[in-house]
Amino acid sequence: MEIFGIPTQALFGQLLIGLINGAFYAMLSLGLAVIFGLLNIINFTHGAQYMMGAFCAWFLLERTGIGYWWALIIVPIVVGITGVVIERTMLARLYKLDHLYGLLLTFGLALIIQGVFTNAYGSSGQPYRLPQEFVGAYNLGFMFLPKYRAWVIVLSLVVCLGTWFVIERTKLGSYLRAATENPTLVQAFGVNVPRMITLTYGFGVGLAALAGVMAAPIYQVSPQMGANLIIVVFAVVVIGGMGSIMGAILTGFGLGVMEGLTKVFYAEASNTVIFVIMVIVLLVKPAGLFGRER
Amino acid sequence: MATVLTPAATAAPARRNRFALATAIMAAILALAPFAGIYPVFLMKALCFALFACAFNLLVGFGGLLSFGHAMFLGTAGYVTAHAAKVWGWPPEAAIAAGTLASTLLGVVTGALTIRRQGIYFAMITLALAQMMFFFYLQAPFTHGEDGIQQVPRGKLFGFIDLTDTLVMYFTVVVVFLAGFVFLYRVVHSPFGQVLKAIRENEPRAISLGYDADRYKLVAFVLSAALSGLAGAVKAIVFQLASLTDVHWTMSGEVVLMVLLGGMGTIFGPVVGAFVIVAIESYLTAGIVIGTLHFGPEWAIVLTGLIFVVCVLAFRRGIVGELGAWWLRHKG
Amino acid sequence: MNACKRTLVGVAVAAAFAVGAAHAQTGGKEIKLGVMSDMSSLYTDLAGAGSVVATKLAIADSGIEKRGYKVSVVEADHQNKPDVGSAIARRWYDADGVNAIVDVPNSGVALAVSAITKEKNKVFLASGPGSSDLTGKSCSPNTVHFTYDTWMLANGTGTAITKGGGTSWFFITADYAFGHALERDTTAAVEKAGGKSLGDVKVPINTQDFSSFLLQAQSSKAKVIGLANAGGDTTNSIKQAAEFGIVKSGQQLAGLLVFITDVHALGLQAAQGLTFTTTFYWDMNDATRAFSKRFAAQDKGIHPTMVHAGVYGAVLHYLKAVEALGGAADGLKIVDKMKATPTDDPLFGKGSIRVDGRGIHPAYLVQVKTPAESKAPWDYYKIRATIPADEAFRPLKDGGCSLVK
């Protein structure tokens, strides 16, 4: 059977691959959405922090022999702490100003981080060995799915849904959401709002770093790996709408699939398709698919 | 988004005189600079970016709209101009006009699409649109990919001014820059500019006063796109090439930096910012020495980032803005 | 007003003198080389600071300074931007008295530098750029393109692999002028050698994930997958090809533009089995090993790429020509002298510079070793075939260079 001249089986393979890429978009746009939700800052450093996550994992493996599994836990914490430092020393001083200053500051930070890493580790990047457990592939009938890719989908789904659950369904999450709406009131209830903001930023950065660790075995660990990705993720966030956590997750996966299909039918446009979708969505639904008009 | 430092009490004629004086001084400095041993190619580059930054400042400084995709206007005009001059053999004035027109049209389309969005949304959407244009230019055959359109002929302006002479080219750029600069000043201080500022300060109020805010913002956006295009078109003729650099998103970041460093919402700030950034770029290519440490050219990008961070944290009014504040404090 | 004018003229005259004086300083027994490279992004490792090291080694080995010449080196970062590169080139020639520009690893910047060099009658010693246009339709009497070009890579790899049994190809091509040219030239070579191209997929640059394209390549059932891309795109596609078991399941991976620094960055686990063409490998003979040892000691342990070796060879040959003419002032004469004298250096052996500016020397088809075969760090290549100098590069008549009569 064929659809538009492409065998159905091949199409299933491509859909699955698109879903895997979507997993990365979802993780990254989720982090951006969480940060934006509470801080109202577009974190331009997100791509650089994703890169730091990958480098940090590489560093642990090469210099200390600490492997992939521990890296999944250690790296988000370490990079998250650098995020906390950034928030405390710099971002915290900008909350009273126009939110655009946050964008400019994080843009500058991204340049600094990427520049320093390029000077320290060169431009061609570093290899990260695939963990032994994941060598090999599953035969799905329509394609060979490398074990690691399957793991990426599972892990990112768990992380995304877990985050959604915490924010939308727990008491901690309700404080968070309330602080987004009215920080003074929440402060008055005895919640330490500045600390919550700091931890939220750290958490969002940690999500980026976690995505970086997950990317390390399949993409070359290089200083520029986040620089171009971040703009695509911005478009994903705009399409999804900035108000919603679930929106960020669903749009991430959905656009991964859309991009995957484009790669089959018209590969030349695979980098632009997300921007085209963005333009269309903005024309039809200005606040994004899941967003609220502000 | 930035504090404007025009004291309300200043009478308009006095302000105009001050502006005329300052512009005359600037023009005199520009006229003398190449004879004082300053390299004219550097000056031309700085002037093109100064015009670009001024055009950008109209939008961000007076309209309160931070576009993160302005490189698309600079680059589009550059490509169209270079193609018209090289492949179609158009004279420079026609090629520049074509480039500027192309950017203006792009400004109309992108403006119509984005102008209803605000703040961060506006920044991100312009960024995404610019990225789309980048991929278009990367893949379109007429731009020659990463090679760019090279060896664009400068030709004869109006058929008799020979632009191949560096000094003639330089003074042409000075004239274009000054024309654009004065035009922008007039726009900012026209009734249109006043409404624009009112919208920036309080949009609902301006709307309730009966102004169609979106239309004013759109006009500002298109004007900004057109003048950015003019800068890009002239730049293509000066450097005789149009390349992907000018449409890449880092260029959009760079113009933000120029305006931020010089002083958002000030008249002369973008000019100062552009000169400082272009000077850093030109002279850091050989590296800098601080004490015993030698920082090679590879540190330029880190330095750029540092300037961003320092400006945002400690220096939000920019060079001209801080000087203006200092001046006001001292006067009383 | 008059006084003001007079001061003005005075300033202008003084400035003119200052500029004139700066000009007069060089020429004669002084030589100034400008190494323009990518110091901060994509090509930093394969050229970058290493090209400065190679230039300095060439100056030291030429012994020219013992014979009364004074050679100085300046460096700059062109950031892969043609406008930045051309501004540097103009300033170097106009104001800083640079006699020759070296390296320039980026075809767009190199084409700009080549045009300016011709205009100012200086010398451009190109090692890093790949575009075969530099000695083709954009050739210049002041440019020597020493190390390699895209035609030679495409032709060498395409011909050798097809003759070795890899008769059907599928291309993963970077979707811009450079990638298209690589694919076109390789396809021509493959067809000439009796093979055929089964198709291609054109991929935007800076794509992170190549798995979709690799699956398409896999289902094409082609024997060889040609990677007509560069830099991060190449490393990512090689790495993911390993993940999807492309090479293990019997397809061969051919890189069209791969440097040893890329292999080093990928690691042998991912890169093993990759086949491509190079003009230099550090572990060929005693002379190349000795050079590489000195080089690595000065460039963070990086072993020289063919670009570094080419910088060394080109500068050495240039200095010989300058010495033979007794000065570096006239760029055209120096390049003519370089073309008239056969090249001979420890890294490339004996060769020549053709009338279109093309450096001619043998090329090698290499295959990346498996981790088990590699005995030491940087022990990466098996040399599969040597392509003789007269077959390695594009025939003189095919380039469309105006210098060829």
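1. A residue is counted here as buried if 20 or more other C-beta atoms lie within 10 Å of its own. In this predicted model, Gly253(B) has 23 other C-beta atoms within 10 Å and is therefore buried. Gly253(B) belongs to helix H10 of chain B, which covers residues 249-262. Although Gly253(B) and Ser67(B) are 186 residues apart along the chain, their C-alpha atoms are separated by 9.4 Å.

2. Within chain A, helix H2 (residues 46-64) and helix H3 (residues 68-89) pack at an angle of about 130°, and their axes are 9 Å apart. On the side of H2(A), the contact is made by Gln49(A), Met52(A), Gly53(A), Cys56(A), Ala57(A) and Leu60(A), and on the side of H3(A) by Ala71(A), Ile74(A), Val75(A), Val78(A), Val79(A) and Gly83(A). Sorted by class, the contact of H2(A) with H3(A) has 9 nonpolar and 3 polar residues, with no charged residues.

3. The contact between chain A and chain B takes 30 residues from chain A and 32 residues from chain B. On the side of chain A that touches chain B, at least two residues each are supplied by helix H4 (100-121), helix H9 (229-240) and H11. Of the elements of chain A, H4(A) gives the most to this side, with 13 residues. The side of chain A that touches chain B divides into 21 nonpolar, 6 polar and 3 charged residues.

4. The residues that make the contact are Phe275(A), Met278(A) and Leu282(A) of H11(A), together with Ile125(B), Ala128(B), Leu129(B), Gln131(B) and Met132(B) of H5(B). By class, the contact of H11(A) with H5(B) divides into 7 nonpolar residues and 1 polar residue, and no charged residues take part.

5. Turning to chain C and chain B, their contact takes 32 residues from chain C and 29 residues from chain B. Five elements of chain C, namely helix H1 (2-25), strand S2 (70-77), helix H3 (82-94), helix H4 (107-120) and helix H6 (177-192), each supply at least two residues of the side that touches chain B. The largest share of that side of chain C, 7 residues, comes from H3(C). The residues of the side of chain C that touches chain B divide by class into 21 nonpolar, 4 polar and 7 charged.

6. Chain C is itself divided into domain 1 (29-148 + 285-361) and domain 2 (152-278 + 363-392). The C-alpha centres of domain 1 and domain 2 of chain C lie 28 Å apart, and 13 residues of domain 1 are in contact with 11 residues of domain 2. The side of domain 1 of chain C that touches domain 2 has 6 nonpolar, 6 polar and 1 charged residues.

Key
Residues numbered from 1 in each chain as written. Chains lettered and ligands numbered in written order. Predicted model: local features only at pLDDT ≥ 70, side-chain atom pairs only at ≥ 80, totals over all residues. Axes fitted to C-alpha atoms, helices over the stretch in contact; angles between N-to-C directions. Helix = DSSP H or I, 4+ residues; strand = E, 2+ residues; numbered from the N terminus. Contact = placed C-beta atoms within 7 Å. Nonpolar A, V, L, I, M, F, W, Y, C, P; charged D, E, K, R; others polar. Buried ≥ 20, exposed ≤ 12 C-beta atoms within 10 Å, placed from the backbone. Domains from an automatic or database assignment.
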